[in-house]
Amino acid sequence: MELLREVIESGRWGGYHDFVGRLEREFAAFVQCAHGVSAMNGTVTMEMALWAAGVGPGDEVIVPAISFVSTAMVVSRVGALPVFVDIEPLSFNMDPERAAAAVTPRTKAMIAVHFGGAMADMDRLLPLAEEHGLVLIEDAAHAHGAEWKGRRAGSLGLAGSFSFQNSKVMTAGEGGMLTTNDAAFAERAWSIMDQGRKPGGGWFFHYVPGSNYRITGLQAAVLLAQFERLPEQICRRTRNAALLRAELSDVEGLAFQALPKAQNANPWYLLLGRIDALSMGRTRDEFHRELTAADVPCAAFYPHPLYGNPLYQDGGCRVEPCPVAEACVADAFWLPHRALLGDEETTREVAAAMRRACGQ
Ligand SMILES: Cc1ncc(COP(=O)(O)O)c(C=O)c1O
């Protein structure tokens, strides 16, 4: 409230309040990056990234078949072709082998999503990008504070794209941030976000046909306050996720998301799992219905892989075989991060409700 009051009393509520620059500097430093460019949401940050990286008509961009639609939609918006590849059976992240098989002479970029907070296999995706000269963008909308061998999500590829939308672990209702260590790229992205201006280039001087994607000082105030709580909340969720997964390790037919060994910090945006109906004797939908009736927040995954959206029914994409993504639509689920924010007793209650929903 104090930070919000400061913005309100300053009379400068828009994108040029000092808090916006402070958030960009502090968040970029947290992500181990030299530059942060804030924007209205985590969709436009990715669009800015593709544009600033020179991705456009005639280019192909490899994306996982499972993600929120923005990961593919931004590719379409810059006039390039999204190429959907399958995910791995338990990581829920893009399968590097499938990504390698999808590369063509037209491939310009890859977007690696760190789904639910568990990171895509950067030890295989980074060399793949290097081998073919591809731009690698991290869609880190779920991965604030995730770490791969000590390196923060958002600092491994050319750029990291974060979301501060309502459901995220840090939020101002809406908001986004692009992080990078490339100064020229950061300047191009900033220009696209700020109506084509150049830093220090004058208010009425516009160099590229960008847009107004600025966040407001009010959003930055809320985010600075949320940012302070992030490390403690990550610790709490990490503790509770470990407890919950251990409590349910003997449940027949329930498999939780595989956690890569190289990942040493996970913000636990989602607790993901799959149900093997044959060995459990319950379908995912039965599990989901029962858990929801017990007042535990749970989602029955996405209704389709990204290419199943009406947007892609008439083409405008290439679809590689995606049997795992198709299977997950029928058997996967997630619990949102707030289910992991309780104390030990509440977490044990959530685990007990999940066990009952599994019929065990
Ligand atoms: C994986 C992923 N990427 C991108 C986005 C887009 O973020 P925003 O809603 O801030 O535009 C989301 C939002 O839910 C997401 O889950």
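Visitor: Why is C322 called buried?

Guide: C322 has a relative accessible area of 5%, and buried means under 20% (exposed is over 50%, partly exposed in between, with a 1.4 Å probe and protein chains only). So C322 counts as buried. A word on the source: this is a predicted model, where local features need pLDDT of at least 70, side-chain atom pairs count only at pLDDT 80 or more, and totals for chains, interfaces and linings use all residues. Residues are numbered from 1 along each chain as its sequence is written, and side-chain values use heavy atoms, leaving out hydrogens and water.

Visitor: What makes C33 buried or exposed?

Guide: C33 comes to a relative accessible area of 9%, so by the under 20% limit C33 is buried as well.

Visitor: How many disulfides are there?

Guide: The count is zero, where a disulfide is a pair of cysteine sulfur atoms within 2.5 Å. For C322, the nearest cysteine sulfur belongs to C317 and is 10 Å away, so C322 is in no disulfide.

Visitor: Why is helix α3 called largely enclosed by the rest of the structure?

Guide: Helices here are DSSP runs of H or I with at least four residues, strands are E runs of at least two, and both are numbered from the N terminus. Helix α3 spans residues 42–52, and nine of its eleven residues are buried, so the rest of the structure largely encloses it. Among the buried ones are M46, M48 and L50.

Visitor: What makes β12 and β14 a pair?

Guide: Pairing requires that DSSP finds at least two bridges between two strands. Strand β12 (residues 270–275) and β14 share five bridges, in the antiparallel sense, so they qualify. Across this pairing, L272 stands opposite W334 in β14.
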